[in-house]
Amino acid sequence: MSLGALALAGCGAGGAEGPAASLLSSGTTGATATGTMSGTGASTGPFVHPGLLHTQADFDRMTAKYTTSPWSGSWNILINNSHASLTYTPHPQTIVYRGYDGTHAENYSTLFNDVAAAYACAVRWKISGDINYANKAVQIMNAWSSTLTSIQGTTDAALAAGIYGYEFANAGEIMRTYTGWAAADITSFQNMMRNVFYSINHDFLIRHNGTDITHYWANWDLCQMASILAIGVLCDDRTLFDEAVTYFQAGAGNGAVAQAVYYIHPGFLGQWQESGRDQGHNTLGIALMGAICEMAWNQGVDLYGYDNNRFLMGAEYVAKANLIQSGTTYYTVPYVKYNNADNVNQAVFSTNSQGNVRPCWALVYNHYVNRKGLAAPYSKMFALQIQPEGGGGNYGPNSGGYDQLGYGTLTCTRDPIGAGVAPSGLKARAPAGKVELSWWGSAYGTSYNVKRATSTSGPWTTIASGITDLLTYTDDPGTGTWYYVVSAMTPVGETADSNRATAKVGKTLHTYLACNEGTGTAVSDASGQGHAGTLNGSAAWGTGKSGSALALNGSTDYVSLPANLVTDLTDFTVACWVYWNASRTWERIFDFGSGTGRYMFLTPRSGSGGARFAITVDGGHGEQAVSSTAALPTAQWVHVAVTLSGQTATLYVNGAVAGSNNAEFLPPWQLGGTSQNWIGRSQYSGDPYFNGKIDEFRIYRGALSAADIAALIASS
């Protein structure tokens, strides 16, 4: 971790500009109509300054409000905190140590105390106008930028570089417009942030200290992302900013939003990745991701809303799980097991440190409710319960009390929004032959109405009303295609309807590759859904079970299918005919995913010797699987199928049940966006390609029964 004194170029100080428009930047996209994650976060144009956790408009609001409640409570905590004092003395270190390396004593408390002081004095200056506090903040930052050369210790040094990196950058960003901070000193501070902090942040995200990608918990990634994004703005470096945004959206580690919000329960409760570990780290995740979202928002990139408000899913889950429902009893939340490369095997929600308080909820509540007009009941409850929020030094003397800059009641509180928006984000899933609906509520919604129709334009029939919590409803309309909308009841009447969601209940063809072309590289889809395949490598054609078939050589050949192929699947069936030339472990009949962290596959022979279907959103150690006791036979045509109905996965070989799993909780849509959907090829580069022929490849919405599969076999 001794990566401090690198000969990197300095970065300019930039100048003050107006606040950013709160929109996605050019090249950045959010959720598609099917909820698929897409976009790279690439952005253009000059940065707004100040533009990290606070813009000038934010400081104008604070200045106007700080003498009135609830802002005043947080302001009084700030001015009475010893870190916001003109007598505060900085203690810069040449080398900061976090984690005892066997030789050097840990001294990182000097850094987190001085960062808290620099920030507190900077905010006090911006609101009060007293330049003495500006000079104190500058004194602290100059002392460190002229002294610090590296951050060392154990691997915990990365935590110091991440957490204190994003916090220190925020202090610097506030002060960059102060005319009393010399340009040369600003450059020196920026260089320290880039050379000492960013070098460690970047190295961690690309290497994870050489470990399996699931080894480190979400917070390790999150603090690096927060630091990189903040330093990017501080140094006017678009490449750094985009590095953090892209990792948030599509990174392989546990800090990327799809892994951090590990599993989506009905009602959009998003199980946080550390929920089975403890609630101190669980709440830290919300604090860090909230900071990332706010800093990006102030530069015009909406990570708050990314993937249908996936961060809010996680925030509501963590808030609810750490709030008292009555007496000493906490609210309960649903939980699915979690495992990683270290085989933690967390089967239950952890109550360790339950009720942990961190000053991060005002930010979450005020964005989603008072900016956007959505309902965020548990985040709101938490924010109001713990206000006024303090800062570093108000939540204990150890590092955990300094993991957030704090004072959110002062810095984030907004006047209540005039009216809530209509319900939004409505999704319809079809597990076990029913329709499961989830939606986002309205800020002033008191209850919700669910409406159903048999056509896209109605007429709409109200099938449920008076829904309050959770915002989910399960319908049992029978086989067919159904359309749904939701409205909210508010104190001033009923809102407009939400977006329309479509549910297809029953067994309908999703993809059908008959494989009868016999020539060329295109494999047509007879389902009408546009899921045609493309032959890659030297893939060719051979005699099939019926007509021609895909002929794959086991070395370079595979078929690629369209991106996001399975994002609309809950219950499903995949069925095909397989002619396997020779038995090799871990070949793939199909493998749909986005890399070695998120995928679903079928292999004719696993490491234990049997055919195996598995799906995971957490790499190999998190797989939910169903296996047979024997590998598929070779040198003959074999029909193989895998189905999922609710939480029951079944593997069929030649129409007979070869294995089942009644606790398979991952439907394909939980994978999110998948860009690598292959027949004959694995997500793992070391696995062999399929050697043989594949014919009549079908995907169905809904789980075929044993009788259905027997009929399918007979029809071939």
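# Briefing on a predicted protein model

The structure holds zero disulfides, a disulfide being a pair of cysteine sulfur atoms within 2.5 Å. C360 is in no disulfide, and the nearest cysteine sulfur, that of C412, is 10 Å away. This is a predicted model, in which local features need pLDDT of at least 70 and side-chain atom pairs count only at pLDDT 80 or more, while totals for chains, interfaces and linings use all residues. Residues are numbered from 1 along each chain as its sequence is written, and side-chain values use heavy atoms, with hydrogens and water left out.

**Confidence**

- The mean pLDDT of the protein is 94, and 94% of its residues reach 70 or more; pLDDT is the predictor's confidence in each residue, from 0 to 100.
- Residues 1–41 have a pLDDT below 50. Beyond near neighbours in sequence, this stretch has 120 contacts in the model, where contact means heavy atoms within 4.5 Å.

**Cysteines**

- C360 counts as buried, at 7% relative accessibility. Buried means under 20% relative accessible area, exposed over 50%, and partly exposed in between (1.4 Å probe, protein chains only).
- C412 also counts as buried, at 13% relative accessibility. Its sulfur is 10 Å from the closest cysteine sulfur, in C360, which is too far for a bond.

**Salt bridges**

- The structure holds 22 salt bridges. A salt bridge is a side-chain nitrogen of Lys or Arg within 4 Å of a carboxyl oxygen of Asp or Glu.
- One of them joins R414 to D58, with the closest N and O atoms 3.4 Å apart. R414 lies in the loop between α14 (408–412) and β7 (424–429) and D58 in helix α1 (residues 56–65), so the pair ties together parts that are 356 residues apart in sequence. Helices (H or I, at least four residues) and strands (E, at least two) are DSSP runs, numbered from the N terminus.
- D58 is buried, with a relative accessible area of 3%, whereas R414 is partly exposed at 22% relative accessibility.
- A network of salt bridges links D58, R61 and R414.
- D203 forms a salt bridge with R207, the closest N and O atoms being 2.9 Å apart. Both residues lie in helix α6 (residues 183–207), four residues apart, about one turn of the helix. An α-helix has 3.6 residues a turn, so residues three or four places apart point the same way.
- D203 is buried, with a relative accessible area of 16%, and R207 is partly exposed, with 41%.
- R277 and D278 meet through their side chains in a salt bridge (3.9 Å, N to O). R277 is partly exposed at 25% relative accessibility, while D278 is buried at 12%.

**Helix α3**

- Helix α3 (residues 109–128) has 20 residues and reaches 28 Å from its first C-alpha to its last. That is close to the 28 Å expected at 1.5 Å a residue, the expected span being 1.5 Å times one less than the number of residues.
- Of the 20 residues in α3, 17 are buried, which leaves the helix mostly covered.

**Strand β12 and its partners**

- Strand β12 (residues 480–490) has eight of its eleven residues buried, so it is largely enclosed by the rest of the structure.
- β12 runs antiparallel to strand β9 (residues 447–453), joined by seven bridges; two strands pair if DSSP finds at least two bridges between them. R452 stands opposite Y484 in β12.
- Five bridges join β12 to strand β14 (residues 501–505), also antiparallel, and W482 stands opposite A503 in β14.
- Strand β13 (residues 493–494) is joined to β12 by two bridges in the antiparallel sense. These two strands form a hairpin with two residues between them, and the bridge partner of T490 is G493 in β13.

**Other strands**

- An open sheet of eight strands has the order β16-β17-β20-β29-β22-β23-β24-β25, with antiparallel pairing. β16 (522–523) and β25 (624–627) stand at the edges, each with a single partner strand, so one side of each is left without a neighbour in the sheet.
- Four bridges pair strand β24 (residues 612–616) with β25 in the antiparallel sense, and I615 stands opposite Q624 in β25.
- Strands β18 (residues 540–543) and β19 (residues 548–553) pair in the antiparallel sense over four bridges. Their hairpin has four residues between the strands, and G547 in it takes a positive phi near 75°.
- β19 is also joined to strand β30 (residues 691–701), antiparallel, by four bridges; the bridge partner of N553 is N691 in β30.
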